[in-house]
Amino acid sequence: MACARPSNAVTNAVVDTPEVRYARRDGRAIAYQVWGSGPLVTLFITEWPGVSDVLWEHPLHLRVWRHLSSFGRVIRVDRNCIGSSDPGPIDDLDAWAEDLVAVLDAEEVPTCAIAGEAWGGHAGIVLALNHPERVDRLLLMNSFVSLANGDGRRPMSEHAIEATVEFVRAQWGTGAVIDASAGFGHEYLEWSARYERTAASPSVAADMVRAAYTSDVSALLASIECPTLVLYSAAYTYIGEGHSRMLASGIEGAEYIAADTDVWYILGTEAARRFDEFLTGSTHEAWSETELAVVVFSDIVDSTAQLARRGDREWRTVLDDSNDDVVREVSRFGGRVVKHTGDGHLMTFTNPGAALAATQAIRRDAHALGFSMRFGVHMGAIERRDDGDIAGMTVHAAARVAAMAGADEIVVSRVISDLLVGTGPEFVDLGPSELKGVPTPMHLFSVRGPTG
C-alpha cells in the first residue's frame, strides 16, 4: 500500500535524505520534507510516511524523487498519526487537507500541483475543493472513488474490509502487508518490514486501512474544476483499473491514462510522457537517458608543482585523502561523483544550492591538505549512459566554465546565479565569455559570500 514494484531496468541513484521539517496546526506538529528548487512545486500525497529515512533507501523511490525535483520543488508530508507527525484524526479528510495547507503556508507556497496516490488522492481532492486558489492541477495516481463500492463489479463487503484490517493488525511490521499489496518480492521483504515499523504501530495501521477502505469521494467529484489527470498503473493489488476509470469518469474534463507497466515512471511509455507534460507543460524524452542536473567540474591548481614538491608517494596519499573527502562531501549534499578527471572530479547534483555548498566544503578540505582547487558549475539537460558516465552539451559547457576559474574560485553560469539570487552567495559579474565548443557566449559569475 506504499510503493510500486521493483524492476531490473532501474538503476540506483545517490540522493541525500532531505532534512525533516515541521509545520504546526492546532498545537500539532506535521512532519514534511522538501527537495529540489525552482518555481514549480509538487505536493506529493500518500497514505504512508514520506519523510522516513527508510523510504529514501529504496532505489525506485530515489528515481522518482530525483526526476520530480528536476521540475522544481517537491514536498512530501507525514499525515497525522503516521511516521514523524503528531497524532490526530485518521478518517477526517478535511483535517488532512488543512494539515497540508499548513505545510504549504510554512514553505510560503501560494499554489502547487498535487500528485495524490491511492487514498492520498482523496486528500488531494478535498484540498482542491476547499482551497482551489492553492491548487494549480490535480494528478491522481492509482486512486479510486470508493473501495467499498468497488468499480461497479467488485465491491468490498464489510466482512472483507474487516478481514483485511485484521490481517494488517496481525502482520504489520513483518513486511507482509506491503508485500501483499505491492508485490515487491522476497528481496524487498526486509526493507518493507522496516518501512512498516517506521510508518505506524499495528493498531494505527489497522485503523488507517479501515479509514482508507471506507473512504468515499463520490459526492465531491462533480465539483472539481482544476485540470485533472487520472493515471492507473496496476501498482497495487487492491486497486483495479475499474476503480481509476470510475474516478476519471466522475470528474468533468479529466484525462485518463493506463500505463503499460506497473512501474509507470520508467519513461519511454505514453503514461510517463503524459505525466511530465501534465506537470510541466513539456515532455522529457526518457528518464533513463536524459535528465536535468547541476554539473560541477573540479580541478586541482598547479598539481604538477605539487607532485614535484611532495614526491610520488606523498602526493598519491594526498590525492587519496582528497578523493575520500570529495566523495563524502558530495554524498552529504545529495550529489553523485560521476568520475575522476585526472586531478579533479565530475559531479552532479539536483539542487544548485547543494552544489555550491558541496564545492565550498571540498575547497575547505583541499586547503587542509595543502593545495587549492577551481570549480565550474552549470545546469541543464544531461544524458546518462549505461556505464554511469554522463554526456551532452551541459557537461561540455560546465568543463569550459571550470577552465575559466582561478585558484580557489567557483565560477557559475547565469542559470545558476539566477536560481540562487538572494539566497546568500554574492555573484560577481564576469560578463559574457566565448567558450571553446559552446555555440553561444555564456554569461559567467564568480561566487562570493557565504558559499564563496
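Reply: At the start of helix H12, a side-chain oxygen of Asn351 comes to within 2.7 Å of the backbone nitrogen of Gly353. The model is a predicted one, and this contact is read from its atoms. Helix H12 itself covers residues 352–369, which makes 18 residues. From its first C-alpha to its last, H12 reaches 26 Å, close to the 26 Å expected at 1.5 Å a residue. Of these 18 residues, 13 are buried, and H12 is thus mostly covered. Just after H12, Gly370 adopts a positive phi of about 95°.

The aromatic pairs come next. The structure holds six of them. In one, the ring centres of Trp191 and Tyr195 are 5.2 Å apart and the planes stand at 10°; the pair is stacked because planes under 30 degrees apart count as such. Both residues belong to helix H6 (residues 189–199), where they are four residues apart, about one turn of the helix. An α-helix has 3.6 residues a turn, so residues three or four places apart point the same way. Trp191 and Tyr195 are both buried.

A second stacked pair joins Tyr213 and Tyr238, with ring centres 5.7 Å apart and planes at 20°. Tyr213 lies in helix H7 (residues 202–214), whereas Tyr238 lies in the loop between strand E7 (228–232) and helix H8 (241–249); the pair therefore ties together parts that are 25 residues apart in sequence. Tyr213 and Tyr238 are buried as well. Ring pairs also bring in Tyr236, which forms a cluster with Tyr213 and Tyr238.

Two arginines lie over ring faces. Arg79 is placed over the face of Trp96, at 4.0 Å from the ring centre, and Arg137 over the face of Phe278, at 5.4 Å from the ring centre.

Confidence remains to be considered. The protein chain has a mean pLDDT of 84, and 88% of its residues reach 70 or more. Confidence is highest in helix H3 (residues 120–130), at a mean of 97, and lowest in helix H1 (residues 59–69), at 70. Over residues 1–15 pLDDT stays under 50, and the model has 56 contacts beyond four places in sequence for that stretch. Residues 284–288 also stay under 50, with 17 such contacts.

Key
Residues are numbered from 1 along each chain as its sequence is written. This is a predicted model: local features need pLDDT of at least 70, side-chain atom pairs count only at pLDDT 80 or more; totals for chains, interfaces and linings use all residues. Side-chain values use heavy atoms; hydrogens and water are left out. Rings of Phe, Tyr and Trp (its six-membered ring) pair if their centres lie within 6.5 Å; planes under 30 degrees apart count as stacked, over 60 as edge-to-face and the rest as tilted. Helices (H or I, at least four residues) and strands (E, at least two) are DSSP runs, numbered from the N terminus. Buried means under 20% relative accessible area, exposed over 50%, partly exposed in between (1.4 Å probe, protein chains only). A charge sits over a ring if NZ of Lys or CZ of Arg is within 6 Å of the ring centre and within 35 degrees of the ring normal. pLDDT is the predictor's confidence in each residue, from 0 to 100. Contact means heavy atoms within 4.5 Å. The expected span of a helix is 1.5 Å times one less than its number of residues. A polar contact is a pair of N or O atoms within 3.5 Å; within protein, one must be able to donate a hydrogen and the other to accept it, and residues adjacent in sequence count only if both atoms are side-chain atoms.
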